[in-house]
Amino acid sequence: MARPVQYNITDKPLEKPISLVSAPEGYAGEGFFASKLSDVVGLARKNSIWPLPFATSCCGIEFMALMASHYDLARFGSERVSFTPRQCDLLMVMGTIAKKMAPVVKQVYLQMAEPRWVLAMGACASSGGIFDTYSVLQGIDQIIPVDVYVPGCPPRPEAVIDGFMRIQDLVGQENLRRRNSDRYRELMETYGIQ
Ligand code: SF4
């Protein structure tokens, strides 16, 4: 005999109304809206960040919580976690990075297209954490530039969301010419990146 199947067909009202991001500053008129290109590009980029999670240990578990339904990073337009560096904007490094692993992290970073951003999640990725030993990299900023550090061991998902929103601020306000500037080139050269 077939099992009785029950479907959840009760309409559940939203606790808060769905809100849309506001338009950038500009001039609006009858049938037109004019704004700066960089503001529009920034708005699109910051609300569609595709993260690449590079997780080696316990902080990766916290990232799983971040992606699951309770914290739900999809609310920020980032549900599309990319495991191929060529299709993502944000490298999220979480966990202890051994010195043997460092060239792999750098390789992944190099395979990402510009513009790219980096978030160091947790004490280990940011500074080596409690592993002050010969074999552990004392912070990923020794090999690649980092945009935002999230402290904690491990950081709670709320803290990671806060760090992610700082990344969104950077992405939204970034000048479109920044990546072609001498200053950015000099920064890359300090990491041996052409
Ligand atoms: S910061 Fe703490 S929780 Fe995160 S990887 Fe290091 S030891 Fe694990």
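What covers the buried residues of α5? The cover includes α1 (37-46), α2 (59-67), β4 (90-94), β5 (117-121) and β6 (148-150). The model is predicted, so to speak, with care: local features need pLDDT of at least 70, side-chain atom pairs count only at pLDDT 80 or more, and totals for chains, interfaces and linings use all residues. Residues are numbered from 1 along each chain as its sequence is written.Helices (H or I, at least four residues) and strands (E, at least two) are DSSP runs, numbered from the N terminus. Contact, as used for the cover, requires two C-beta atoms, placed from the backbone, to lie within 7 Å.

Helix α5 itself spans residues 157-173. A residue is buried if 20 or more other C-beta atoms lie within 10 Å of its own, exposed if 12 or fewer, and partly exposed in between, with C-beta atoms placed from the backbone. Pro-157, Val-160, Gly-163, Phe-164, Ile-167, Gln-168 and Val-171 are the buried residues of α5. They cover an arc of only 155 degrees around the axis (taken from the directions from the helix axis to the C-beta atoms), which puts them on the same side of α5. On the other side, Glu-158, Asp-169 and Gln-173 are exposed.

Strand β3 (residues 51-55) has four of its five residues buried, so the rest of the structure largely encloses it. β3 runs parallel to β4, and five bridges join them (strands pair if DSSP finds at least two bridges between them). Leu-52, for instance, has Leu-91 in β4 as its bridge partner.

How values were computed: The expected span of a helix is 1.5 Å times one less than its number of residues.
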